[in-house]
Amino acid sequence: NSSSMKEFVLLGLSENQVVQKICFVVFLLFYTLTVAGNLLIVLTVTSSRHLNSPMYFFLCHLSFVDVCFSSATVPQMISGFLVGNNTISFAGCIGQLFGLHLFGCTEVFILTAMAYDRYAAICRPLRYAALMSRRLCGRMVGVSWAGGFLHATLQTLPTALLPFCGPNKVAHYFCDVRPLLHLACADTRAAGLAAVANSGVISLSCFLILVTSYVVILVSLRGQTLAGWHKALSTCGSHLTVVILFLGPSTFVYIRPSGDLSEDRSVALFYTLITPMLNPFIYTLRNGEVKEAMRKLCRR
């Protein structure tokens, strides 16, 4: 029974003491920047009267999800570097798994909603206000959270019910489905396929929807002036960058049936730590309105 397993040991990124200390400093800095940068965006958007378009509404939610998503995995990893012994209780491990998939999947859905918003703004400018009503935006975010919750439940429950009786060393720096399936004392092929189908299909289908929406946007710009092209691409550029940085690595990790776990670890750093940290920079550096609103906020 699974109750025989009280805790897991997360093996982390490296056994080397020096590497661990360097990682501690670097990742603590990254995590601090992630939380500060994303919370600054949330504060800026919520406190500014001018940033009330759907794009900023989604950006605000995206930043909030980024903070939660990073917080599901990174603090545990950082503390592990510091104390060198990174144990996590069975309940903590399952909680981390649930949080990772809840926030990760919600982020994917919000990114997809943002792509639809960009499509409506560029390809249907005259009907934009009608298409992207406050109510619809709220519903899209609600559906994103509900979808994330359903996905996380479907990933977590079957894993939590598996029998764990043998080794308890998780070959990763956080609890995810694949490293845990390796430790279960049961035939996990069906569970493994279900997990890949669930995560892989969501990552891949959203990625395809996003790419398609950008192809449609580009095709619709054919007769545009250079200024029209520039305006469209500057709003889409930042979003596309985030999509590639986030969905590229996560699709790679979840679409493969059973790959090398050490590869998964290094790739996972991208979407759990680096992309959430870069999001605020990507969205603000390209955007005069956000920068101006931030200045006002800082003056206050």
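Start by selecting F8, F90 and F164: these three make up one aromatic cluster. Rings of Phe, Tyr and Trp (its six-membered ring) are paired here if their centres lie within 6.5 Å; planes under 30 degrees apart are called stacked, over 60 edge-to-face, and the rest tilted. By that rule the count is 13 aromatic pairs.

A word on what you're looking at: this is a predicted model, where local features need pLDDT of at least 70, side-chain atom pairs count only at pLDDT 80 or more, and totals for chains, interfaces and linings use all residues. Numbering runs from 1 along each chain as its sequence is written, and side-chain values use heavy atoms, with hydrogens and water left out.

Next, pick F27, F58, L111, M114, M132 and Y271. Of the 61 residues in the largest nonpolar core, these touch the most other members. Such a core is a set of buried Ala, Val, Leu, Ile, Met, Phe, Trp, Tyr and Cys residues joined through side-chain atoms within 4.5 Å. Buried means under 20% relative accessible area, exposed over 50%, partly exposed in between (1.4 Å probe, protein chains only). Now colour helix α2 (residues 54-83), which supplies the largest share of this core, 14 residues. Helices are DSSP runs of H or I, at least four residues, numbered from the N terminus.

Another core, of 18 residues, lies apart from it; F90, I94, C175 and V177 are among them.

Stay on helix α2 and click S70. Is S70 buried or exposed? At 0% relative accessibility, S70 counts as buried. Leaving out residues up to four places away in sequence, S70 touches Y31, T34, P75, T272, L273 and P276, where contact means heavy atoms within 4.5 Å.

Notes
Helix = DSSP H or I, 4+ residues; strand = E, 2+ residues; numbered from the N terminus.
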